[in-house]
Amino acid sequence: MNELTERQRFLLSLVIHEYIRTATPVGSKHMVEQYNLDMSSATVRNELAELTEQGYLRQPHLSAGRVPTEDGYRLFVGSIVRESELPDSTRRTISHQFYQMRQDVEQWTRLAASVLAHQSRAASLVTAPHPDEAHFKHLELIASRGRQVLMVLVLMGGEILQRFITLAEPVSQQDLSATAARLSALLEGKSIQALESFNVSLNALEKDIFTIVSDEMKQADSMVSGEVVLDGFTNVLAEPEFAGSEDARRALRVLEEKPLLHDILSRTVLHGSSVGGVQVLIGGEGFYDALSQCSIVLARYGTPGLATGTLGVLGPMRMSYGHTISVVRFLSGLLSELVADTITE
């Protein structure tokens with residue numbers, strides 16, 4: 001592709017802005033009138049034809065206006081909205097929503113998904129902060145029925161693992177609490193490698209619980225990401241290009257199918273991406289057919305080396321990239337602060 005002139009870049013951005021706003025093909029005459037351009041509709045038409053020839057626009061029908069292509073969106077995202085910032089009033093509103101739940105990881109991941117969906121008017125995803133390497137923080141054992149006990153294992157970074165276990169014989173809550181307290185004191189801050197070489201005298205119950213804790217931490221180490229929280233599906237289904245179409249439902253199923261979602265995260269955000277850096281996948285980037293009509297905006301958050309998570313938005317390619325990228329970037333920073341606060345408690 002040839003290098004675009006400043007005028008061509010300007011007109012391409014106008015076409016994209018207008019198509020995002022209206023979801024209908026954009027014509028040269030409409031552009032001149034809508035934006036009061038200091039050029040004739042014939043001049044605009046010739047420039048749009050050149051942009052179409054170069055692959056940045058397409059014309060659905062001969063008599064129709066133009067719509068952006070994937071390459072058009074990529075150029076727009078890469079060079080036009082890079083410096084977009086969220087208004088201070090919106091930042092203050094979002095920050096205030098998180099103030100009351102700074103210590104509750106589950107609540108603020110769900111709030112983050114809700115805020116992303118509301119602000120972007122698209123579907124959102126937030127993964128709970130997941131340790132790069134699992135480190136023990138705290139243990140609770142809660143008596144249930146008979147020999148059944150609820151084990152709550154908290155890892156450094158705030159990830160919470162819950163599991164019902166069945167003991168060899170019933171144990172009182174007093175003994176369970178004492179066991180949890182002793183193991184918490186002995187194991188605090190230890191990784192799975194440290195647990196494998198752990199050599200302290202334990203009673204029978206402590207040994208059983210220690211074995212279960214070790215198994216849970218090994219599984220946590222093998223996971224690509226933490227629990228995924230989703231929101232805003234109805235926003236995508238309401239978009240005009242997806243009305244009565246299977247395309248939106250196919251895309252949303254990607255978020256619900258964990259193996260495929262984790263593959264997307266591992267290809268993009270989880271490997272080689274810095275915390276706070278925003279990545280945009282347009283049209284599936286040739287890897288994911290189900291996302292051929294969609295874009296995803298993703299970012300990592302957290303504290304590298306301790307615990308990180310992912311947040312993002314899935315919507316039509318005709319999304320408001322500037323605002324969406326700003327929201328994702330801002331929430332990435334906000335959640336990174338929450339993770340740091342949780343780790344250093």
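Which residue in β11 does His130 stand opposite? His130 stands opposite Thr308.

## Basis

This is a predicted model, where local features need pLDDT of at least 70, side-chain atom pairs count only at pLDDT 80 or more, and totals for chains, interfaces and linings use all residues. Residues are numbered from 1 along each chain as its sequence is written, and side-chain values use heavy atoms, leaving out hydrogens and water.

Strand β11 spans residues 307-316. Strands are DSSP runs of E, at least two residues, and helices are runs of H or I, at least four, numbered from the N terminus. Of its 10 residues, 10 are buried, so β11 is largely enclosed by the rest of the structure. Buried means under 20% relative accessible area (1.4 Å probe, protein chains only).

Strands pair if DSSP finds at least two bridges between them. β10 (residues 294-303) pairs with β11 in the antiparallel sense over 10 bridges. Ala299 stands opposite Leu311 there. The two strands form a hairpin with three residues between them, and Gly305 in the turn has a positive phi of about 90°. β3 (residues 123-127) is also antiparallel to β11, over four bridges. Ser124 has Val313 as its bridge partner. β4 (residues 130-131) runs antiparallel to β11, joined by two bridges.

## Nonpolar core

A nonpolar core is a set of buried Ala, Val, Leu, Ile, Met, Phe, Trp, Tyr and Cys residues joined through side-chain atoms within 4.5 Å. The largest has 55 residues; Met31, Phe98, Tyr321, Leu331 and Leu335 touch the most other members. Helix α13 (residues 321-343) gives the largest share, 10 residues.

Notes. Buried < 20%, exposed > 50% of the residue type's maximum accessible area, 1.4 Å probe, protein only.
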